[in-house]
Amino acid sequence: MLNIRPLSREKLAAMMERATVIEQDKKGLKVAELADGQFLKFFYRKRFFNRELLAPAAVKFARNAHQLERLDIPTLKVQALHRIIGESHTVAVYSPLAGRTLRDIVNSNEADENLMYRLGVFLALVQRRGIYFRSIHPGNIIVNDMEFGLIDILDMRFQSWSLSRWARRRNWRHFFRYPQEWINHGDLIQALIKGYRHSADLPLRELSWIERIIGKVIST
C-alpha cells in the first residue's frame, strides 16, 4: 500500500504549471490533468479535528482502487499520495482508466441495447461482489470497448457478501437521479434492466422494485 509523502507548495506549483484543470468548486481545485497524462486529485479536509488525521481521504481513495483491482473491477491506478507541507490537504496522483464515460456515450446517442444489457450484467456483478458504490451514476462508469470500469471511487464500501436489497435500491435510485438524461431512451433502460435481472443473485419476484424506479424515470 502507498505511503503518504510530503509535497512542498513549490513542487506542487511546478506540477501545476503545465496542468489542465478538469474540475474545481468553491473550495478550490479538485482534479487536474498533468503534463505527463496522469491526474492529480485534491482532497480537502472538512474540519481541523476529525478522523481524517489518521486516515486521510486520499488513503481511502487508494485503498478503494486497490480493492477494486483485487476484485477484478477495472479502475484507475493510484501512483502516489502526498500531504501538502504546511496544509492539511492531501493529493493523489493516478493514471486514468482508458475509455469514455457512459454519460458521454448515452448523450452522444451512441449507446445501443447490447451495450446496456452488458452494463446491467456488470452492475449485478459489482453488487454480487459486495461493492457498495454510493455515488454510482453514468458519469462514474467508464466504457472501454467491451469492458466497464469505475472512477471517482472515494464514496465506496466493501463487504464479503452481496449487497442488501436496501443498498441495491439506493444504487439504482442514484443511477437514475437525473431522469432528464434518459428522455427518449426507454429501450436502453429496458435492455439495462434485462441484463441486470438475468445476472442479479436475487429471485425475480424480489426485483419488482426496479419497475417502480424505472416507472418514475420514464414518466418524468
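**Note on the predicted model**

1. Within strand 10, G149 is the bridge partner of I142. Strand 9 (residues 141–144) pairs with strand 10 in the antiparallel sense over 4 bridges, where pairing requires that DSSP finds at least two bridges between two strands, and where strands (E, at least two residues) and helices (H or I, at least four) are DSSP runs numbered from the N terminus. These belong to an open, antiparallel sheet of 3 strands in the order 7-9-10, whose edge strands, strand 7 (100–101) and strand 10 (147–150), each pair on one side only.

2. On the basis of the values: this is a predicted model, in which local features need pLDDT of at least 70 and side-chain atom pairs count only at pLDDT 80 or more, whereas totals for chains, interfaces and linings use all residues. Residues are numbered from 1 along each chain as its sequence is written, and side-chain values use heavy atoms, with hydrogens and water left out.

3. The structure holds 12 aromatic pairs, counted when the ring centres of Phe, Tyr and Trp (its six-membered ring) lie within 6.5 Å, with planes under 30 degrees apart taken as stacked, over 60 as edge-to-face and the rest as tilted. The rings of F42 and Y44 are stacked, because their centres are 6.2 Å apart and their planes stand at 15°. W172 and Y196, by contrast, form an edge-to-face pair, at 5.0 Å centre to centre with 80° between the planes. Since W172 lies in helix 5 (residues 165–175) and Y196 in helix 6 (residues 186–199), this pair ties together parts that are 24 residues apart in sequence. W172 and Y196 are both buried, that is, under 20% relative accessible area with a 1.4 Å probe and protein chains only (exposed is over 50%, partly exposed in between).

4. Y132, in strand 8 (residues 131–133), is buried, with a relative accessible area of 2%. Its side chain makes a polar contact with the side chain of R170 at 3.5 Å, the term denoting a pair of N or O atoms within 3.5 Å, of which, within protein, one must be able to donate a hydrogen and the other to accept it, residues adjacent in sequence counting only if both atoms are side-chain atoms.
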